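Hi,

Here is the structure I promised to pass on. My notes on it follow below.

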Amino acid sequence: SRLDALGGRRPDLHIGVVSSDMGTGRVDTGDDRCTTTGGDGGRLHGASCPALGGQAFLSDVVGPTGDRVTSYTGSLGAAFACAADVGTDGCGFEQHLAAMRAALSPGVNPGFLRRSATLGVIILADEDDCSVDDDRLFTPGVDPALGPFSDFRCFEHGVTCDPVPDLRQPGVRTGCAARRDSPYLIEIAQYAEFLRGLKDDPERLFVAAIIGDDDHVEVIPNGSRPALAPGCTGALGSAAPGIRLGGFLDAFAGQSHRETICAGDLGAALAAIGDSLPPPGGACFEAAPFEHDPIAAGLQAECAVVEI
């Protein structure tokens, strides 16, 4: 609705959706939802939507005659709703940032990324990021170094808090932040650097997230295993504290926006993100110039002068 409200100032759009399922590397966890073939691998969801006619992402751009040219039929909202319906049955070790990097890497989703366009990344998550550098983190069973087999390992090895005698003992944690020296998880600074490397102009990046609150971080018992208490609870359920994802947003000061997933109304959260998007740049043309080479850096306009 925020894009529609722009009317003639609506920018050219490529919109794609990926899931956080990147599998569990070479490790077979015994869970059919976690594959050793890379999960969804950052591939854009959309080809199964009838409105997209087999296309993996939504394209909505100004054509040579000034009319909008779309890769979908029907409304933008309905087409997006279909592409965004990825389900909740993927691997429980959620690797949001790894999926983002895979999706924007060469050859994975041909034609989606345009170097001269503003890139916006929006993350929707009820668990924190667990993008691994060492897939031994997924090894089943109890390991003295890794701890009991559960996604608590993502917190224990991906987050650092004020020192306590035993990280796995119940209790409130304070001063929590994304860990910089984890032997198992990738440092979030690498993902921020990757995004910046996609753009010649650093102002052409915007990052937002709808995630769990991280004001209260507490380790609780779950049977004989440690677990992380919800950071917040709302009408849609509970969500773990989004500590690593929050740190990722912090890496883009002035170019990021955070909303809570526990508000119970994702529409309101998305609307707030829409209001925070960088405004489209002004132009002296009534329509956007035709992009002759969308891959090359900068605007490659195809111009013609006609004398009447």
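L104 sits in the loop that links α2 (96–103) to β4 (119–124); helices (H or I, at least four residues) and strands (E, at least two) are DSSP runs, numbered from the N terminus. This is a predicted model, where local features need pLDDT of at least 70, side-chain atom pairs count only at pLDDT 80 or more, and totals for chains, interfaces and linings use all residues. Residues are numbered from 1 along each chain as its sequence is written, and side-chain values use heavy atoms, with hydrogens and water left out.

Is L104 buried or exposed? L104 is buried, at a relative accessible area of 9% (buried means under 20%, exposed over 50%, partly exposed in between, with a 1.4 Å probe and protein chains only). Leaving aside residues up to four places away in sequence, L104 touches F112, L113, L119, F194, L195 and L198 (contact: heavy atoms within 4.5 Å). From the C-alpha atom of L104 to that of E218, 114 residues apart along the chain, the separation is 34 Å.

As for the whole protein chain, it has six helices and 13 strands. Buried residues account for 39% of its 308 residues. Of the contacts between residues at least 6 apart in sequence, 67% join residues at least 24 apart. The C-alpha trace spans about 80 × 35 × 35 Å along its principal axes.

Happy to talk any of this through!

Best wishes
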